Amino acid sequence: MPGSGAGRSPALPSAAGTADVAVPVVAMRGIVKRYGRLTAVDDVDLELAGSEIHGLVGENGAGKTTLMQVLAGVTLPDAGRISIDGREVAIGSVSAANTLGISMVHQHFMLVPSLTVAENLTLGQEPRNGFLVDRAAARRAVVDLADRFGLGVDPDARVRDLGVGALQRVEILRALFRGAAILILDEPTAILSPPEAEGLFRVLRELAAAGRTIVLVSHRLEEILASATRITVLRDGRVTARLRSAETNAAELARAMVGRDVALALDRPPTTTGRSVLTLDGVRAPGLHRIDLEVRAGEIVGVAGVAGNGQAELAEVVAGLLRPTAGTVRIDGRDVTNATTAERRAAGLAYIPDDRFRRGLAGDASVRDNLIMGRHAGKAGARRVLLDREGAARRVERLVASFRIRTADLGAPARTLSGGNAQRIVVARELADPHPLVVAAQPTRGIDVAASEFVRRALLDRRATGSGVLLISADLDEVRSLSDRIVVLHGGRIVSETPASQVDLVRLGLDMAGVAGGR
Amino acid sequence: MPFGRIAVGVAVPAIAIALALALGAVIVIVAGDSPLDAYGALVHGAVGTPSNIAATFIRSTPIAITGLGVAIAFKGGAFNLGGEGQMIAGALVGAVAANALPALPAPLGTLLAIAAGCLAGALWAFGPALLEIRLGVPMLITTLLLNYVAALLAAWVVTYPLRDLAGGGVAQTAMVPEATWLPAIGATRLNAGVVLLAVLPFIAAWALRRTVAGYELRMVGANREFAEYGGVDAARSIVGATLVSGALCGLAGVVLVLGVNHRYIDGLVTSAGFAWSGFIAAVLALASPILTVVAGVFLGALQVGGLGMTRATSVPLQLVDIVQAAIILVVAVRAGIQAALLKRAGGRGGA
């Protein structure tokens with residue numbers, strides 16, 4: 001994928017930067033947005049050309065979403081001017097932005113689940129046939145538009161029956177249906193599987209080729225490099241770099257985002273594997289068929305697979321949140337098949353769940369309360385009457401310092417922290433002590449580069465100090481860079497198991513897709 | 001910025017009360033009276049004389065204690081709407097126990113009767129808790145329905161098997177022995193039960209903050225999946241909190257019997273609406289133990305003051321009901337108020 005970003009887009013000025021663009025489609029000048037004492041966007045200039053995919057990258061909290069909300073009329077700036085096609089405009093509301101042809105495709109879909117795709121798209125602007133809605137015309141209009149940009153969507157499907165990839169295409173179609181010339185997509189691939197993401201980028205290229213302007217907000221550097229023509233990097237509300245993707249690379253982008261060198265490829269020194277810390281023997285459960293799996297001390301076993309093929313169930317069976325219907329689960333030699341979560345923790349389990357605000361944290365509880373969970377009664381498995389306050393205070397202080405959790409107030413609700421910081425709470429709590437077994441499910445999903453790097457290093461540290469790690473991740477690069485062995489789940493079965501040194505990407509892809517091979 | 005959050009915690013109920021009182025004032029004006037006179041009479045009726053203050057605290061005690069019970073269940077995310085039934089159970093069983101006990105040295109009979117009342121309240125709450133944990137039957141509904149069962153069962157008990165034959169036509173138990181009464185405080189009509197208001201909320205607040213069980217209960221309330229993933233037995237936590245909640249409601253009932261009426265009388269708990277006022281107090285205080293008791297005393301003062309207002313002016317007692325109802329309405333939209341306040345606090349302090 002890297003390197004394919006150049007030479008695809010229509011005529012653009014020869015050099016990066018802003019000076020030589022004749023009349024930019026969008027020109028934002030000196031945009032400032034403050035929230036209390038925090039300046040989210042600090043005097044930012046941004047120019048967008050027609051027929052371009054413009055990448056906007058930065059860590060969480062760098063101001064990229066806020067900047068785009070200003071353009072889309074969701075947020076009013078405290079200072080700055082915006083021109084569209086050279087004319088200065090005031091964008092005071094979302095509908096004002098829509099009138100100007102600016103549309104933001106939202107992360108949470110705003111569609112009516114019980115209506116069909118065609119009905120959703122034409123809602124409020126239905127073609128009429130006298131007194132009645134002309135359903136045929138509505139359907140035709142949707143099909144025409146979808147065909148033009150290769151957005152494969154069944155116009156008669158009910159929205160509630162669609163998967164996330166299709167829902168996103170419907171959202172994009174709706175924006176186009178309303179005449180959007182400037183499309184903003186905020187982290188559009190966060191919820192997509194790799195093939196779905198690939199399909200999305202194909203559509204975006206078509207749209208750009210047809211003269212639309214696309215802003216792609218993301219912190220996934222590879223996809224930005226592969227699809228954007230120009231890239232603007234934000235850090236702490238300011239522009240730190242304006243680059244052409246053909247002339248830069250992931251390392252340079254990461255440095256501009258984080259402000260220092262980031263090791264994208266991590267050191268994985270060899271370790272000697274020891275005893276078995278997790279053994280699954282013929283485990284069956286809803287969504288899992290006869291799983292045999294072993295994780296040994298000192299190794300990371302990566303689980304790859306397309307979402308929904310049993311990864312979540314695998315993690316839950318190990319953590320004790322899903323009871324197996326057959327087979328045995330052993331943690332560090334102890335049979336925990338029917339043990340509670342608390343007993344498994346006492347047996348040596350640490351667990352980073354995939355959804356931090358559903359299970360990993362209590363959003364309304366304080367950072368402090370979130371950090372002591374599991375150890376609030378002293379050592380794991382102990383049963384005391386009073387909280388160990390001094391021990392808890394020392395522990396919280398140690399975790400905040402060593403895992404660099406940025407919060408001014410340990411009594412503040414965890415919900416007020418940024419995604420990366422919130423994940424640091426979960427990771428700190430689970431990795432601070434030398435548990436023999438670590439189950440990490442999607443440990444870096446939705447968090448920025450620096451936090452991801454930190455989490456990956458923490459997992460490698462655990463490996464180096466003799467823990468066994470079961471890593472379940474939708475990020476194939478992550479699985480490949482961290483794991484000693486890679487197993488692929490498909491349809492609730494382990495379809496392959498390969499030492500990381502012998503992994504063949506094509507083979508892996510086929511396994512993930514469930515194409516029966518020679519195994 | 002902890003100060004901001006605490007300020008918001010107090011500001012929400014304060015705003016609710018202020019808006020409700022303002023609405024009451026409008027109604028008084030529309031009815032052709034002076035709100036100043038009406039509220040003046042109300043304040044005098046509540047706290048104007050030592051005797052009025054005593055009346056306010058007598059009324060507030062069961063309200064605040066049931067409120068505390070409701071608040072503790074709230075902390076674990078459990079909705080105990082059965083305060084009334086549990087209070088009836090505590091009052092009736094407390095009265096029966098006090099009558100059934102042999103003569104004992106002074107505080108012992110009282111303590112045993114109180115223990116019986118607490119146990120009765122806890123038992124009345126145990127069934128719903130178990131049904132919710134084992135079968136998923138919402139406690140919200142079962143506790144509420146058991147209120148009617150408790151009220152009618154208690155009515156039957158004091159109408160037939162345990163009726164006080166000396167009491168003429170009144171459905172009530174016999175008077176409990178004087179040795180089991182809660183002692184009066186000085187020369188006032190106040191009894192020792194009021195001391196609970198100064199003690200219980202602090203014990204509750206301490207237990208929630210400092211004990212393992214309290215921490216686990218708060219985490220279950222904040223996010224049950226998180227607590228279970230952390231190794232907390234959420235079912236046990238919820239059942240335990242509901243038992244404590246029922247015991248506190250039972251305590252409110254037995255304290256009312258031993259301290260004020262000295263017997264169980266049919267309708268003793270329901271006619272005054274103690275448990276519902278307690279529920280309002282807990283909701284108003286967002287389940288903070290100390291603020292719940294403050295809110296309970298406030299509601300007691302409002303109700304006692306309302307009686308004084310009715311005597312002194314032509315404003316009917318229903319005004320108090322309107323103000324209470326308006327408080328609930330405002331509290332119901334508190335999420336919005338709170339968000340607005342936090343946004344401002346954040347804006348000033350840079351959250």
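These are my notebook entries on two chains of a predicted model.

**Conventions.** I number residues from 1 along each chain as its sequence is written, and chains are lettered from A in the order in which they are written. Since the model is predicted, I noted that local features need pLDDT of at least 70, that side-chain atom pairs count only at pLDDT 80 or more, and that totals for chains, interfaces and linings use all residues.

**Chain A overall.** I counted 17 helices and 22 strands in chain A; helices (H or I, at least four residues) and strands (E, at least two) are DSSP runs, numbered from the N terminus. The C-alpha atoms fill a box of roughly 70 × 50 × 45 Å along the principal axes. I found 45% of the 519 residues buried (20 or more other C-beta atoms within 10 Å of the residue's own, C-beta atoms being placed from the backbone). Of the contacts in chain A with a separation of 6 or more, 67% join residues 24 or more positions apart; a contact requires C-beta atoms, placed from the backbone, within 7 Å.

**A:Gly55.** I located A:Gly55 in strand E3 (residues 53-57) of chain A. A:Gly55 is buried because 27 other C-beta atoms lie within 10 Å. Leaving aside residues up to four places away in sequence, A:Gly55 touches A:Leu216, A:Ser218, A:Ile224, A:Ala228, A:Ile231 and A:Ser245.

**Helix H15 of chain A.** This helix (residues 449-464) has 16 residues and spans 22 Å from first to last C-alpha, close to the 22 Å expected at 1.5 Å a residue (1.5 Å times one less than the number of residues). I listed its buried residues, among them A:Val455, A:Arg456, A:Leu459 and A:Arg463. The buried residues of H15(A) pack against several elements of chain A, including helix H8 (250-258), strand E15 (300-304) and helix H16 (476-482). A:Gly466, with a positive phi near 95°, follows H15(A).

**Helix H7 of chain B.** I fitted axes as lines to C-alpha atoms, for helices over the stretch in contact, with angles from 0 to 180 degrees between N-to-C directions. H7(B) (residues 195-210) packs on H8(B) (residues 212-222) at about 80°, with axes 5 Å apart. The pair is therefore roughly perpendicular (65 to 115 degrees). B:Leu208 of H7(B) and B:Leu217 of H8(B) are among the residues that make this contact. Its classes are three nonpolar, one polar and three charged; Ala, Val, Leu, Ile, Met, Phe, Trp, Tyr, Cys and Pro count as nonpolar, Asp, Glu, Lys and Arg as charged, and the others, Gly among them, as polar.

I then examined H7(B) with helix H12 (residues 289-312) of chain B, where the axes come within 8 Å and cross at roughly 155°. These two are therefore roughly antiparallel (over 145 degrees). B:Leu197 and B:Ala204 are among the H7(B) residues here, and B:Ile290 and B:Val297 among those of H12(B). This contact has nine nonpolar residues, one polar and no charged.

Conventions: A residue is buried if 20 or more other C-beta atoms lie within 10 Å of its own, exposed if 12 or fewer, and partly exposed in between; C-beta atoms are placed from the backbone. Two residues are in contact if their C-beta atoms, placed from the backbone, lie within 7 Å. Angles under 35 degrees count as roughly parallel, over 145 as roughly antiparallel, 65 to 115 as roughly perpendicular and the rest as oblique.
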